Every structure is written in C-alpha cells, then in structure tokens.
Amino acid sequence: MTVFKRVFGAAALLAAIGGPAAPQGDPRPGLLDIVTVDRVAETVASFAISALRTQMEVEYDHLSTDILRGTMAISGVTLRPQLSHDRARQCEITVQRASFDLGTARPMLEAANGSVTLVGARAGIACLPPDAGLALRASGYSTLDIDRVGLEFDYIHGTGEMRVNGTAAINDMGTLDLAAAGAILPRLNAHGVSGDPAIRLRRAVVGFQDRGAWSRLSSQLPEALRQPDVIRGMGTEDLTNMLSENGTRALTSTERLFIEDLMEHVTRFVADPGEITIEAQLPAGGIVIEPEIYQNPPELLQALAPDARVAPSARSGLIDVALLQKREEEVTPQDRLRLARAFMEGQGVPRAEALVPGVLEPILDAEGETGAEAALLTARAYMATNPAEAYRHALLASARDAVGAVALLDALEARLTTGAVLAAQDELANRTDAPEMAEALPEGGDIRAVRALALAHLNGIGALRSYPRAYYYALIAEAAGDIGAGALRQDIEARFADRGEAVSAQWAELRARLQERAVDDWVTLDLSDRFIRTD
C-alpha cells in the first residue's frame, strides 16, 4: 500500500469520526413509535380477515383495537358467504358494528371471559335454506333485521366449567335467549383410547319472546289449523311419534309429562302470544351426560327432565320487597344471608355489593356456619375495592372453616404487602382473644399434632392463618424430632424470601423473636420431657 493511500484512508477515518455531522432533516419516528401493541394487533386481525376471505367475501369500513383492554371493533361489515343452495350468490349479510371483548380480570371469579356483540345486522332471505326462506317470504319477510346479537362466555379455571349466555333480538319476530353451564369430561372408548367426551351439565335454559313472529307466520295457515286445540293435538302427535321412535317403544313418565306440559304452554302461547321457556330440571351439582345419552334424543330428554314455563325459574326467586322494608330488629340472620347473596349475585334484587357489609355486620360474630358465611360474603364484597378489609374478613372466615376462604386469602395476599398481611393476622389474633402460642400446644407427647397445628395456621384451615404462629409451632415440632417439621419450617421461611429489602429486614427481626420465644418456652415448659421417647 502506498503512502498516499495510507494518508487518504486516515483522513477519511478522522472525517467520519470527528468531522461535522451530515444534515439530518426532520426528526424521524423511532422503532417504538411504529411497532405498537395496537398496530401488531391490527396486523394480526388483518391476517385473520384475510384467511376468512378464502371462504367468503369480506369488506369493512374501519377496524380498531385496544389490545391492553382486550377489545376489537369492526364497523361497516359486509359478508357474502358461499352457500351450496345459493348458486346465484345473492346472500349478503351486513353488520353496522361487530365488537369482540376478551374480558377483564374478575377478582371474585377466577375465570377467563369474553363476549361477541353484533349490532344492526341484516341478512337476506337468500342466506337461509330454501324451505325456511320460502316460509318467511310468504309471511312478509324480505330480510332478517337484527337489532343485536350477543354471546358471552366464561371459563372457570378451578373447575373447567364453561358458562355461555346468548341473546338475539330480531325485528318484527322475537327475542331468543339461551343460557348453559357445564364442563367437558374425558372418556375412553371401547378400544381404550380417547373417545367422545361426557358433559357435566349444571344449567340449560332457552326462552323465546314473541314480537310479531306468530302473527305473521300463522297468517299462512288455514283458519282451522290456527286453533289452539288443533295445534295442541298435532304437536302432541308429532312429539309422541318422535320420542317413541314411531311407536316402537313406550313413552316414559318423564316424556309424557314433558309433552303435556309443553303443549299446554304452546296452547296458551298460540291463544295469547307472549313468552315461552324450556328449562332443564337439574340438581344443584348438575348431572353427567354420557356420550350414549346425548346421542339418543329420548334418553337425553329423560336425563334433562325439561320443564316448559312462561319464564325462567330465576324469575320465581325474586326478593320480596317486604324483606327489604323490614325493621332492623325483625330481620333474622337467615334473612340477612339470603339478602347478601342476592346483592352479590344480582339475582332477585339489583346487584349491590357495597350494601353487603352493612347487612351482615350484626351477625359477623354469630357462632357456627352463620358467622362463617357472613364473614366470607363480607370479604367477597370488599375484594374489588378494599383488599385490606377483605383480607381481615377472609381470615375470620377461614378460621371458622368457611368453604372457599383459603383460596380467597391466597388471592388477596397477592394484592397486599407482607407488612399489611402480618399486621392483619396479628390484629385478628388480638381481637379474637386467641390463646398464647405456648398455651395452645397440644397436651401429651404427640409431635405430629404440633406439626398439624403449624399447618393449620400456615394454610388457615380450621385455625387463624398466622405465619408467626405457624413458624413457632414448626420450630417446636422440629426440635422434638418430627420428620416433616423441618421442611415445613423451610416453606414458611421461603414465603418471605426474595420480596425486597424491607420484607427481608422485617422477617429477620420477626424470626429472631420467634426463635427466642421458642427456646424460652422449650426451657420454661420443659418441652423436651413432654416429647421425649426412648423406645
């Protein structure tokens, strides 16, 4: 390399490093300005719509997403599906707005939830099968105009239960509502491999409210066939043939009662169109429907024991206004619990969690299941707005063996600082006059009973959840030679690890006091003599 090339290269390097910067022009957006979560979500949605376009024509005016809230909305949607009976491609569905909501966190219900809502939908008659389309055209329908279609669903993590609620309001026709709740259960087939699942069904109800459908459809029937008694006879005959498999078997009592009940309500509906509901009569825990049952309609009907009603059974359990108007001294503990449950669920009275603590306060100290449920309901009422107060009542409920209190404590501790948790445990121990730790030691020399006491205080099952008390009893049990106490002590210490310097310092001070207390009681009470075994 020549001297000239070396000098030229060095000069170019110096110019690049130390020379004046080239003009930059206007500021440019950064990477984070371009790659946002909403733009990524819109891109994913666009790809999904592109995939849908392989099955039908899809057009829309605007797409918006808010991924942090879990929502997406599409407006001005037009769909032209491919249907085997619509060779002329005349089926067109328009929707003014379609929204998808993945749901928000529910502090009182550990569930994944979401909803789909269509507003202002219109479908051409050509979208329906020819027979149905002809009947609707003859009744004066040229299109199906739908005010709103909604579908809501929940998936309960703890049980695997799925809850579905749906509604469709069709102009000049009626409103269709449905609700179902159940879980899918795995089953093996005859070859020992996964087969059709069973279903644990807890709720099934469908209802229809007439808003002009019967008036239009019945106009196409001869006058004689519109008479309620004639329709009742025809319906009874058709249902009997279907369920008896064209007379090859006798109807069961459940099937006969269902036919009679349903046709009685149909007769009333024809005479005075209004509302009709069919609801499965299920026990509180639901029923398990095996594949061979739901694949056989007569057996499925026998299992569901459906009941025809004017309205869902939930409407028969509305809270009597007289209960709300009772004087304070006239309200019984059971009245208070019933009213609190109704306020929590919004069933029979408008939802009002904020009123629950005041309703239950007079019975919080009641003995037995009454006080336990009162404390648990109060904790649930406070959970969304005041976690600290909710935790104090959940502690009280768990000490009284209320079902569900332990899970509530775990959920609340994730929302509270360790200092707040320990303070609440100490406060409740003082308020309930809990005995001194040494005084609560089991009589006799059973060290497993000491470990059981430590576990009870650690988990809050049958005893006040108290980490200091659990640690103290684990120290005593470990000192007495219990095999599992050492691992239990380590679990308690791990509860306070990796939670920041403040928690580490607080736990170090508390642990030192508890260890000193355990040694003092070991000596003072001569616990070694109580627990020693030589054989």
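Before anything else, a word on how I name things: helices (H or I, at least four residues) and strands (E, at least two) are DSSP runs, numbered from the N terminus. This is a predicted model, so to speak of local features we ask for pLDDT of at least 70, side-chain atom pairs count only at pLDDT 80 or more, and totals for chains, interfaces and linings use all residues. Residues are numbered from 1 along each chain as its sequence is written, and side-chain values use heavy atoms, with hydrogens and water left out.

Let's start with Arg489, which sits in helix H19. Is Arg489 buried or exposed? Its relative accessibility is 17%, so it counts as buried; buried means under 20% relative accessible area, exposed over 50%, and partly exposed in between, with a 1.4 Å probe and protein chains only. Which residues does Arg489 contact, leaving aside its neighbours within four places in sequence? They are Tyr471, Ala474, Leu475 and Glu478, where contact means heavy atoms within 4.5 Å.

H19 (485-495) is among the elements covering the buried residues of H17, along with helix H18 (467-479) and helix H21 (527-531). Those buried residues are Ile447, Val450, Leu453, Ala454, Ala456, His457 and Leu458. If you're wondering about the spacing, an α-helix has 3.6 residues a turn, so residues three or four places apart point the same way.

Next, helix H14, residues 387-399. H14 also has 13 residues, and it reaches 18 Å from its first C-alpha to its last, close to the 18 Å expected. Its buried residues include Pro387, Tyr391, His393 and Leu396. And what do the buried residues of H14 pack against? The answer is helix H13 (368-383), helix H15 (405-413) and helix H16 (418-431). After H14 comes Asp401, with a positive phi near 65°.

Now for a strand. Ala98 lies in strand S4, residues 93-101, and with a relative accessible area of 7% it is buried. Not counting residues up to four places away in sequence, Ala98 touches Met72, Ala73, Ile74, Thr117 and Leu118. Take Met72: 26 residues separate it from Ala98 in sequence, and the two C-alpha atoms are 8.4 Å apart in space.

Asp172 is in a loop, between strand S7 (162-170) and strand S8 (174-185). At 45% relative accessibility, Asp172 counts as partly exposed. Beyond its neighbours within four places, its contacts are Tyr141, Arg211, Gly212, Ala213 and Arg216. From Asp172 to Gly462 you go 290 residues in sequence and 59 Å in space, C-alpha to C-alpha.

Finally, let's zoom out. The protein has 21 helices and twelve strands. Its radius of gyration is 34 Å, well over the 24 Å that the globule rule gives for 535 residues, so it is more spread out than a compact globule. That radius is taken over C-alpha atoms, and the rule is 2.2 Å times the number of residues to the power 0.38. Along its principal axes, the C-alpha trace spans about 100 × 100 × 60 Å. Buried residues make up 35% of the 535.

Terms used: The expected span of a helix is 1.5 Å times one less than its number of residues.
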